[in-house]
Amino acid sequence: VQTCALPISTNEFVTRPIADAFNVSELLAVKLVRDSQGRVTGDIDGVPSFREGKITRVEQWLADQGRQLSDFGRVSFYSDSPNDLPLLERANDPVATNPSPALEAVALERGWRILRLFA
């Protein structure tokens, strides 16, 4: 059984249509606080899914299902940014995807897969 989530540091109202287009129901994006009229206040609701916050959000999501990362034989994370190193380091299958030069250097040093989707 595969489990798939999209932990992303962009706001959920921007990324929900993308997740839906790829049929990914579990979106772990930045949640924004809204006032009683539904307007965005500028505050973040909960832990922002950025850097170490992505680990927290993934762990919370799994805990809600009674699971943890160690329950899975293969854990893959894909990223293009060194901001995601904390999460990539938790995976046994980290993939640098169209990586920035900084992330590419780390991936090469550590023998991680590098995926180039476009030039």
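Helices (H or I, at least four residues) and strands (E, at least two) are DSSP runs, numbered from the N terminus. This is a predicted model, where local features need pLDDT of at least 70, side-chain atom pairs count only at pLDDT 80 or more, and totals for chains, interfaces and linings use all residues. Residues are numbered from 1 along each chain as its sequence is written, and side-chain values use heavy atoms, with hydrogens and water left out.

So, strand E6, residues 93-97: 5 of its 5 residues are buried. Side chains in a regular strand alternate between the two faces of the sheet. Here Asp 93, Val 95 and Thr 97 sit on one side, Pro 94 and Ala 96 on the other, and both faces are covered.

What does E6 pair with? Pairing takes at least two DSSP bridges between two strands. E5 (residues 76-79) runs parallel to E6, with 4 bridges, and Tyr 78 stands opposite Val 95. E7 (residues 113-115) is parallel to E6 too, through 3 bridges; there, Thr 97 has Leu 115 as its bridge partner.

Now the core, meaning buried Ala, Val, Leu, Ile, Met, Phe, Trp, Tyr and Cys residues joined through side-chain atoms within 4.5 Å. The largest nonpolar core has 18 residues, and Leu 62 and Trp 112 are among those with the most contacts inside it. Helix H2 (52-64) gives the most to this core, 4 residues.

Definitions and conventions. Buried means under 20% relative accessible area, exposed over 50%, partly exposed in between (1.4 Å probe, protein chains only).
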